[in-house]
Protein chains: 2
Amino acid sequence: MRIVDYDRNPEEIRARITRSREPDRSIGSRARSILDAVRARGDGAVLEFTRTLDCPIIDRIGLRVPDAEIAEAYPQVDVRFRKALKAAITNVTRYHKRQLPRSWTIKQRGLRLQQRFGPLKRVGIYVPGGKAAYPSTVVMNALPAAIAGVKEIVMVTPCNAEGKILPEVFVAAHECGVKEIYRIGGVQAIGALAFGTATIAPVDKITGPGNAYVAAAKQLVFGIVGIDMIAGPTEVVVIADDTANPSYVAADLIAQAEHDELASPVCITTSQAIAERISDEVDRQLENAPRRAIAAPAFEKNGCAIVVKNLDVAVDIANALAPEHLEVLVRNPSRVVRRITNAGAIFVGEWSTEALGDYIAGPNHTLPTSGTARFSSALSVFDFMKFTNIIECTKHRFLELAPHIEVLAGVEGLAGHAASVRIRRGKS
Amino acid sequence: MRIVDYDRNPEEIRARITRSREPDRSIGSRARSILDAVRARGDGAVLEFTRTLDCPIIDRIGLRVPDAEIAEAYPQVDVRFRKALKAAITNVTRYHKRQLPRSWTIKQRGLRLQQRFGPLKRVGIYVPGGKAAYPSTVVMNALPAAIAGVKEIVMVTPCNAEGKILPEVFVAAHECGVKEIYRIGGVQAIGALAFGTATIAPVDKITGPGNAYVAAAKQLVFGIVGIDMIAGPTEVVVIADDTANPSYVAADLIAQAEHDELASPVCITTSQAIAERISDEVDRQLENAPRRAIAAPAFEKNGCAIVVKNLDVAVDIANALAPEHLEVLVRNPSRVVRRITNAGAIFVGEWSTEALGDYIAGPNHTLPTSGTARFSSALSVFDFMKFTNIIECTKHRFLELAPHIEVLAGVEGLAGHAASVRIRRGKS
């Protein structure tokens, strides 16, 4: 892993922070053409893309997974998986229940104002698949929706060529309240959820991670449906001082790097010696890493250890990067944690490894990437809710406020607004 | 205004509910080319588009409005405006302070989990302008940002050919905590806020209404910065029974229609007689309406009174339309209000006219349009905040959870995640 001295080479670090990512227009236009086809031809287009890209026998087995197939998954999964899933569900449920917003009312001199929360009616969860199974994605998306009170939770996930989906995904979906499962993925799945087809009723919002095409499709349908966020490649920043265990830091950087060749495993440290030991440990641990083929390129492209002169500089760089995940492995972490303003999630101390948060600690693992932690947050129960402002005014208070409304509407040239007040004052 | 009997003509109403609006690609591609120019050439492009589209003398007067020009606005505004503005600020502040989320912590057997809220650092507010002034837009966007704790609130608003902006907008901006004002509008203003230029530092999020080009530009920069929502033409649905005052209903429909030729003024009523009287009143009041040229086409294109057999049907139609504004003018409104699930804001009873909410009641007037109230909410303090999940785990609890993490990472094929746990258990 490359080691960069920040004082000697600040430009290189600043270049990483530049946020004007040039969008890949070819991905966007490919996504757009698939969406157009799904909008125009519905199931026919969804079947066609699924047949070609994922599963030649899709027409025979159908888009929707029958309940029987989900029931058959249970005996196929290991009991240890069932136990681990149960522990994850318990912790994620506890954290997300705490997020539930409460409706409230302000009453003041003839004005009764209410902010009333309610769940979305129908949401779609995108779960990547194909070769691998991601039950944790199911947990982190479906549970918050269920806790929010969403009645119709729909899941889409691509099947393999034989039409199969891994049984752990079915079990997680069933345990987390998913009501319908369709064995489709990619842009065509996003289109089906957004526009609806004869088989799949349209949803109100789509959440969940996906590749660059899925992300582009979500951006394009935003406005027709809600979306959670536009996910980019995953990132971790570890802030470490000379008390950090280099083996742990290296292992955590590799855990992030193994997701994607475009992942960013970054360490910021006050110690040149620790930087070197982390770098050596990364090399050593990568040697036998099963996912070395993905992780090694990530280190080459985006990995680095940044040596800084003190923790304040480390905090400034971390805030500018606004990473998805931030680990704080220093002598006195609370001082650093307090100063961090931009991070999807913060992992404090050497036992709070990121994998703990990915699977089981309780908070959501769906986090803002690509610097979007500057303005957005982890997925939460509120992503599956909305509120309505309710306004109720007495005649007396209305007449008191009416002259102000007429003045303001007058300034804005909105004569009809003023007239709607004047007519109630008996002046029209 | 056309009167439609729902039972006889349900297809017409259902066609309104269809949400697959075909996007206007020519607007999107024009917006994209202006954004590309601003990204590539910064101030030069912003000046060029402003010079051509808004103000030929922009190079001489500069993009940023000097503080002196803002101070000079105060003596130019009417004292009644100052009083009305103050009343609006008081009420909007009270409501939005109530929205402030609180950070919280869960401690449980060695796990310390915190959801910590904080403000965005820098936000940009788009205020339409040119011929008209919209101080209420300033209030409804800048105040929630200021209450959220945002330190840098930037406003962009187009000037006229002489470089002027109406003084009421300056006064509202100054009173609501806006720190920088630039006299630019359109797609070029959105680009400047998103990418930054030599003169204008980039922001973290852009909020505020605009025309179709501004909306398209906001959608395109979403991901680089946050945005509030993609605003479409404004809408009102009035649910009225035979107790509703037809003059009031007509006045409120016109108040909405005067915004935009594409506005949707719709009434749903259980009474054919009331529908006819409302229709007559609309015609009568429109005759002398100063903004008739805008309002009349809105009634022709999108206006209608829908006659239904009972209020349950009215509620179902309203929920399917998911209108930006919903007025409930019926004998027993609470029964109807309780059943409404999709509406940006609800105005209850004949004194709670929409203009009250637009200007002064307290809740935000920036509301979801085009059916997006199915999945989104009014602008709020939380739009200017974000949260970070903070995870802290003891060694003891980590070792207890570790086997579960290894099982789940194993199912997902993420060997590096499992290794990051195993190494802490001393097994690597």
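# Legends to the close-up views

**View 1. B:Ala402 touches B:Val421 and B:Arg425, leaving aside residues up to four places away in sequence.** Residues are in contact here if their C-beta atoms, placed from the backbone, lie within 7 Å. The model is predicted: local features need pLDDT of at least 70, side-chain atom pairs count only at pLDDT 80 or more, and totals for chains, interfaces and linings use all residues. Residues are numbered from 1 along each chain as its sequence is written, while chains are lettered from A and ligands numbered from 1 in the order in which they are written. B:Ala402 sits in helix 17 (residues 395–411) of chain B; helices (H or I, at least four residues) and strands (E, at least two) are DSSP runs numbered from the N terminus. It has 21 C-beta neighbours inside 10 Å and therefore counts as buried. The cut-offs are 20 or more other C-beta atoms within 10 Å of the residue's own for buried, 12 or fewer for exposed, and in between for partly exposed, with C-beta atoms placed from the backbone. Between B:Ala402 and B:Arg424 there are 9.1 Å from C-alpha to C-alpha, at a sequence separation of 22 residues.

**View 2. Chain A has three domains: domain 1 (25–98 + 118–227), domain 2 (232–374) and domain 3 (394–425).** These bounds come from an automatic or database domain assignment. Between domain 1 of chain A and domain 3 of chain A, the C-alpha centres are 49 Å apart. Chain A contains 18 helices and 14 strands, and its C-alpha atoms fill a box of roughly 85 × 60 × 45 Å along the principal axes. Of its 428 residues, 60% are buried.

**View 3. Strand 3 (residues 111–119) of chain A pairs with strand 2 (residues 104–108) of chain A in the antiparallel sense, through five bridges.** Strands pair if DSSP finds at least two bridges between them. A:Ile106 has A:Leu113 as its bridge partner in strand 3. The two strands form a hairpin with two residues between them, and A:Arg109 in the turn has a positive phi of about 40 degrees. Strand 3 of chain A also runs antiparallel to strand 14 (residues 385–393) of chain A, with nine bridges. One of the pairs there is A:Pro119 with A:Met385.

**View 4. Five strands of chain A form an open sheet in the order 6-5-4-7-8, with parallel pairing.** Its edges are strand 6 (180–182) and strand 8 (226–227) of chain A, each pairing on one side only.

**View 5. Strand 4 (residues 122–126) of chain B is largely enclosed by the rest of the structure, because five of its five residues are buried.** B:Arg122, B:Gly124 and B:Tyr126 point one way from the strand, B:Val123 and B:Ile125 the other way. Five bridges pair strand 4 of chain B with strand 5 (residues 152–156) of chain B in the parallel sense, and B:Tyr126 lies opposite B:Val156. Strand 4 of chain B is also parallel to strand 7 (residues 205–207) of chain B, over three bridges; B:Gly124 has B:Ile206 as its partner there.

**View 6. A:Ile239 and B:Ile239 touch the most other members of the largest nonpolar core, which has 324 residues.** Such a core is a set of buried Ala, Val, Leu, Ile, Met, Phe, Trp, Tyr and Cys residues joined through C-beta atoms within 7 Å. Apart from its neighbours within four places in sequence, A:Ile239 contacts residues including A:Ile268, A:Ala314, A:Leu326, A:Glu327, A:Val330 and A:Val336.

**View 7. Chains A and B meet in a contact that takes 104 residues from each of chain B and chain A.** On the side of chain B there are 57 nonpolar, 28 polar and 19 charged residues; Ala, Val, Leu, Ile, Met, Phe, Trp, Tyr, Cys and Pro count as nonpolar, Asp, Glu, Lys and Arg as charged, and the others, Gly among them, as polar. The copies meet through the same surface, because 100% of the interface residues of chain B are also interface residues in chain A. Strand 13 (residues 345–348) of chain A and strand 14 (residues 385–393) of chain B run parallel and are joined by four bridges, with A:Phe347 partnered by B:Ile391.

Conventions: Two residues are in contact if their C-beta atoms, placed from the backbone, lie within 7 Å.
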